[in-house]
Amino acid sequence: MIEFFQHIVNGLSLGSIYALIALGYTMVFGILQLINFAHGEVFMLGAFIGMYSTQWLKLYENPSLSSLFICLAIAMVGCAIVGFTIERLAYKPLRGAPRINVLITAVGVSLFLQFSGQLIFGSDPKFFPTIYSPEGMWNIGGVTLSPLHGVVFGISIVLMLILQYIIFNTRLGRAMRAVSYNHDLASLMGIPTDRVISYTFMLGSALAGAAGVMVGVIYPKIDPIMGVMPGLKAFVAAVFGGIGNITGAVVGALTLGLSEEFLVAYWAPTFRDALAFALLILVLLFKPTGLFGSARREKV
Amino acid sequence: MSVLKSMSSWLAVGALVWILDFAVMGQMNPYFFSVIMYAGINVILAVSLNLVNGFTGQFSMGHAGFMAVGAYVSAYITTSLQASNPELLMGFQGQVIFVCTLFFAGLMAAAVGYIVGLPSLRLSGDYLAIVTLGFGEIIRVTLLNIEAVGGARGIPGVPPLSSFGWVYSFMLFTIFIVWRILHSAHGRAFLSVREDEIAAQSMGVNTTATKVKAFVLASFLAGVGGGLFAHYLQFINPTTFDLNRSFEIIIMVVMGGMGSITGSVFAAAFLTVLREALRDLQTVTHVDLRMVIYSLFLIILMLTRPSGVFGNMELPDLFKRKKRQEV
Amino acid sequence: MFNIVKVTGNACLALLYVLKPSPPFWGEKEGFCMKQSEKINARKTIKTLKWVSGLLLLALLSTSCTKKDKGASTESDEILVGEVLSMTGPEATFGTSSNSGTLLAVDEINAEGGIKGKKVRVITLDNQGKPEEAATAVTKLITQNNVTAILGEVASSRSLAMAPIAQQYKIPMVSPSSTNPKVTEVGDYIFRVCFIDPFQGKVMAKFALDTLHAKRVAVLRDVKNDYSVGLANFFIETFKAGGGEIIADQSYSAGDIDFKAQLTSIKAKKPDAIFVPGYYTDVGLIARQAVKDVGIKVPLLGGDGWDSPKLVEVGGQSLNGSYFSNHYSTEDKSPHVQSFIKRFKEKFNIVPDGLAAMGYDGAMVLFDAMKRAKTLETKDIRDALAATKDFPGVTGKITMDENRNPVKPAVVIKVVGKDFKYQETVNP
């Protein structure tokens, strides 16, 4: 029984990482109807930026919560810049183009980042330095949780709440929602759509960057192709929850994390990657709009 | 045009292929020979994918999965035969069995294509892409877990039954089939689905059936391509058919022009040659620049000339220019 | 170097040709008598033709460069040996260490004057950790570079991809560290200089039973890896035969980063030890999660796939008190081994790990066979290799048995802090 709760805890912890990445996917899709394939690579770059900044600033010399925050901040800013650049260079010129072209370009950007990552950083796995290692284990009735996981989970929740606040309680958020509802009408209303889209990309990428650093802290082995699978899985999570919907992305991601954990623990550990896709196919077959999504009627 | 339509000209080229096979190919440098063989196999894959992506407008990203099914089925059959009665694989009889195995592998790949296509093709655009990608991955992970086909190790020691003759005959076969289908009522249905699905539906075209047809045919051809690949490389394992393989084929299709068979042929050949030509660059710089160059190429292509090198044009169109009369 | 200049030069020319405006190929580009539609067709055709011919030019010219990169083997005063290793990728240290060992061996042989009066040259190709790249690389080495022998690979799955090709072309292949028995079963041209997994599994099983007094052991194997699966099976066989109980048999895939689910299940069954026969990249993470996240306190056991300085880099203190079997220990006091360590340190500034020692032994055994062979024909080299008897390797005496596997002792290494400490030697 305790084992069961332990798996739940593990699953939620895994899911919170997916949630941070899924939020970026869902926001960009909501605004541009574009699946940003390169998002997984932004996550990877977050981990690498985090690693290099800790090495450069020698943050591993005093591991503490503040080192973690500094690392997170740098990675989030760095990824926001990366997201902005990708959007400007690769997606903006294709604003009016057919969806397939943009999709192919997104795939191209993703591949480019992966392989140039292998070129620049080397394809062998790197070790993420320890910047935060709390001692001891929290024990709640036999279920153990490493304080590291607890803190990471906490930070993820905080980031998601901040995002929720931005989207629903600020002008920028309102502008983002307006653009996602109807692009042209929003620009007619005086909203600088290009800028809003850029902000969306930057926000999403910052979250992915944070996820990257946190993955680096929990699973200290990072390599340039680490973003492919989590990226795809986070996308599945976003679709499962209803793409375009923030709460949906979080719920979807947590569900995916839990199901993955239980599949591995009780059934077939080697089908872990295939589970996400199987889930995607089932969702798209039976409820294409996802759990929380609303149907978009197609006008002829 | 009538030259291309007639069977005899295709058969003549096929005969030429076999003459080359017996006369020249045995003496050729094995490295160049391998480039030629891979080019032929890639053409089969690119043309079959173009049928779905380019001509029917359904962006499928899981083509490597069907290739894998074809490769594994044919390799499994031939290796089992090799183990139990090796004399069956000798000589002319062996060649006949090889072709039968390839067709069977293609049929299995087509069956998988049907299973994959029927649910997926109800979706559109981005979702279809991800779902097909997902299916490709599911196929790969499933093969990874089946011990009977070697699991992670794959199948080593596949008998080398692919010869220049077979690869290029099947390549001609693929091009011929796709060409003829496109210039038939079925082909027009494919094109109409690509152009405007709702209009096609209102004109009475069963869009789902059409899409599935294209998908199944493409999977069949990919399965055949996979079988030829397995019997050339003599070794297959699940990582050979991963996401990157699907992307490589997509790059070929996109570069050649999604809607041009000539384009796919040209792009497949070009990229295969380029890949090997860049290998020497790799030994100097000690890094694998090939995929970086490919992906950069893809991005630049989509930004500057999204229709690909050939766009919608076929090779005969280039010669037809003078005769065209438009009002 | 010259080829690269040529390729880039041609690429630039091709690009200029494509991009600059040029007169049409036939007829007028735009003339008075052309209709609008014809003009559009004309532009389209010309644009396509420019792209096509530009790219063809690029392809033709770049392939013409590759034609020059051949024929070095026609010089008859050199012996060419091909080496295929994973210099990049998840098991990069296997490749780089092995390669260092080979390079040291080549230097020493050439300093002695070479073999039969000829210098040895090794061509190393990187397979990026992928079996199909290994297969293509070995084909290229044999058919393009005309090597006389092949050294490689470390990982059994990649050796299995390479062996059928070497066997087909009748080129002797010496694997420095592939321990899966199937590698040499491919054919009589395939050799190895390390022990095989049936023995290695037995070593750790006996160690667990006799030294650690562990009766209940859990196994966590990498299902994507032949070596891991094979070694796990051999361990289980011996362990059960010795009266032990395998309480859990979990698996993961190489490249996974989260093992908490498997570890939690294992912890619930209360094992005395956990056998993790994987490669160092994953084992480091597994150890870390086992100790820090799941709270496992029992030692971990492993095989020679653990041997890498990166193991403790990733695993940190979590590996303290764990054991693994290996080919040699740097603490071996014999003068032979110490002199090798000294020479290696002089050349590379680091202490050689097991892979480097095996790489060195593999190359030296090959060169010794070449010396003893009647001629430098591949058949004679093969026969000389098969006749290797009591060769004094740094990892032990190497005598090829009838399956082309040597019978050698193994050492058990204990991880203490960040160091590998010698525990005991196990003889076959």
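Trainee: How many residues do chain A and chain B bring to their contact?

Mentor: In this predicted model, chain A gives 40 residues to that contact and chain B gives 38. The two chains bury about 3,500 Å² between them, with carbon and sulfur atoms accounting for 83% of that area. On the side of chain A, the residues that lose the most area to chain B are A:I104, A:F115 and A:L119, which together make up 16% of what that side buries.

Trainee: And how many salt bridges are there between chain A and chain B?

Mentor: The count there is zero salt bridges, and the rule finds one residue pair in polar contact across that interface, both residues being at pLDDT 80 or more. As for where the surface comes from, α3 (65–91), α4 (99–121), α9 (228–241) and α11 (272–286) of chain A each supply at least two residues of the side that touches chain B. The largest share, 14 residues, comes from α4(A). By class, that side of chain A has 32 nonpolar, six polar and two charged residues.

Trainee: Switching to chain C and chain A, what area is buried there?

Mentor: About 2,300 Å² is buried between chain C and chain A, and carbon and sulfur atoms give 56% of it. In chain C, the residues losing the most area to chain A are C:D258, C:K260 and C:D293, together 20% of what that side buries. The contact itself involves 31 residues of chain C and 24 residues of chain A.

Trainee: How many salt bridges cross that one?

Mentor: The rule finds two salt bridges across the interface of chain C and chain A, along with five residue pairs in polar contact, both residues of each pair being at pLDDT 80 or more. The chain C side draws two or more residues from each of β7 (245–252), α9 (260–268), α10 (280–294) and α11 (309–315) of chain C, and α10(C) gives the most, with eight residues. By class, this side of chain C has 10 nonpolar, 12 polar and nine charged residues.

Trainee: Which side chains meet in a salt bridge at 3.6 Å?

Mentor: Those are the side chains of A:K221 and C:D282, with 3.6 Å from N to O. There is also a network of salt bridges that links A:K233, A:E260, A:R272, A:D273, C:D258 and C:K260.

Trainee: Now within chain C, which residue forms a salt bridge with C:E153, and is C:E153 buried or exposed?

Mentor: C:E153 pairs with C:R158, the closest N and O atoms being 2.9 Å apart. C:E153 counts as buried because its relative accessible area is 0%, and C:R158 is buried because its relative accessibility is 3%.

Trainee: What about C:E112, which side chain does that one meet?

Mentor: The side chain of C:E112 meets that of C:K371 in a salt bridge of 3.7 Å, N to O. This pair links distant parts of the chain, 259 residues apart, with C:E112 in the loop between α3 (92–111) and β2 (119–126) of chain C and C:K371 in helix α13 (residues 354–372) of chain C. C:E112 has 55% relative accessibility, so this residue counts as exposed, whereas C:K371, at 42%, counts as partly exposed.

Trainee: Last one, how far apart are the closest N and O atoms of C:R216 and C:E245?

Mentor: They are 4.0 Å apart in that salt bridge, which joins strand β6 (residues 216–222) of chain C, holding C:R216, to strand β7 of chain C, holding C:E245, 29 residues apart. C:R216 is partly exposed at 28% relative accessible area, and C:E245 is partly exposed at 42%.

Methods: Residues are numbered from 1 along each chain as its sequence is written. Chains are lettered from A and ligands numbered from 1 in the order in which they are written. This is a predicted model: local features need pLDDT of at least 70, side-chain atom pairs count only at pLDDT 80 or more; totals for chains, interfaces and linings use all residues. Side-chain values use heavy atoms; hydrogens and water are left out. Contact means heavy atoms within 4.5 Å. Buried area is the accessible area (1.4 Å probe) that two parts lose on being put together, summed over both. A polar contact is a pair of N or O atoms within 3.5 Å; within protein, one must be able to donate a hydrogen and the other to accept it, and residues adjacent in sequence count only if both atoms are side-chain atoms. Helices (H or I, at least four residues) and strands (E, at least two) are DSSP runs, numbered from the N terminus. Ala, Val, Leu, Ile, Met, Phe, Trp, Tyr, Cys and Pro count as nonpolar, Asp, Glu, Lys and Arg as charged, and the others, Gly among them, as polar. Buried means under 20% relative accessible area, exposed over 50%, partly exposed in between (1.4 Å probe, protein chains only).
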